[in-house]
Amino acid sequence: MTTKIDTNTGLVYEVKRPVEDKTYTVNFARVLPAGVTLASVDSVVITPLGLVTETSPLQSQSNSVSGTKVSANLAAGTDDEDYEIEITATDSNGDIVSDDVLIKVRKAGLK
């Protein structure tokens with residue numbers, strides 16, 4: 001993900017349009033020891049922040065791991081809503097690690 005920081009949550013964020021079905025990649029390298037990779041994605045939990053009345057929930061379609069990165073395919077989402085995404089994974093040492101990012105759903109750019 002491109003490094004853009006949300007001033008309210010302090011989380012890295014990306015913007016997606018409600019109609020997009022996009023894959024987002026999160027690099028866990030900063031939370032993994034040197035030489036350790038990811039073995040599996042355990043969960044992707046999506047929590048709306050309640051900025052608007054949700055009409056179309058953001059959905060995680062599929063997830064994959066490659067090295068230190070997790071890719072999550074996200075679809076739908078309500079316009080003007082922000083979603084906190086908590087990704088939990090197991091690393092090659094068998095340890096559980098997690099990271100949080102923010103997806104801002106906007107029809108026409110960031111408001």
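These legends describe close-up views of a predicted model. Local features need pLDDT of at least 70 and side-chain atom pairs count only at pLDDT 80 or more, while totals for chains, interfaces and linings use all residues. Residues are numbered from 1 along each chain as its sequence is written, and side-chain values use heavy atoms, with hydrogens and water left out.

**View 1. Lys104 and the ring of Tyr13.** The charged end of Lys104 sits over the ring of Tyr13. The distance to the ring centre is 4.7 Å. A charge counts as over a ring if NZ of Lys or CZ of Arg is within 6 Å of the ring centre and within 35 degrees of the ring normal.

**View 2. Lys104 and Asp6.** These two side chains form a salt bridge, with the closest N and O atoms 2.6 Å apart. The term requires a side-chain nitrogen of Lys or Arg within 4 Å of a carboxyl oxygen of Asp or Glu. Lys104 lies in strand 7 (residues 96–105) and Asp6 in the segment before strand 1, so the pair ties together parts that are 98 residues apart in sequence. Strands (E, at least two residues) and helices (H or I, at least four) are DSSP runs, numbered from the N terminus. Lys104 and Asp6 are buried. Buried means under 20% relative accessible area, exposed over 50%, and partly exposed in between (1.4 Å probe, protein chains only).

**View 3. Lys104 and Asp82.** Lys104 also meets Asp82 in a salt bridge, at 3.8 Å from N to O. The pair links distant parts of the chain. Asp82 belongs to strand 6 (residues 82–91), and 22 residues separate the partners. Both residues are buried. Salt bridges with shared partners join Asp6, Asp80, Asp82, Lys104 and Arg106 into one network.

**View 4. Glu14 and Lys4.** Here is one of the 6 salt bridges found in the whole structure. Glu14 pairs with Lys4, and their closest N and O atoms are 3.9 Å apart. Glu14 is in strand 1 (residues 13–16), Lys4 in the segment before that strand, 10 residues apart. Glu14 counts as buried because its relative accessibility is 12%. Lys4, at 29%, counts as partly exposed.

View 5. Ala76 is not a glycine, yet its phi is near 65 degrees. Ala76 is part of strand 5 (residues 69–76). Its relative accessibility is 17%, so Ala76 counts as buried. Asp80, also not a glycine, has a positive phi of about 75 degrees. Asp80 is placed in the loop between strand 5 and strand 6. With a relative accessible area of 24%, Asp80 is partly exposed.
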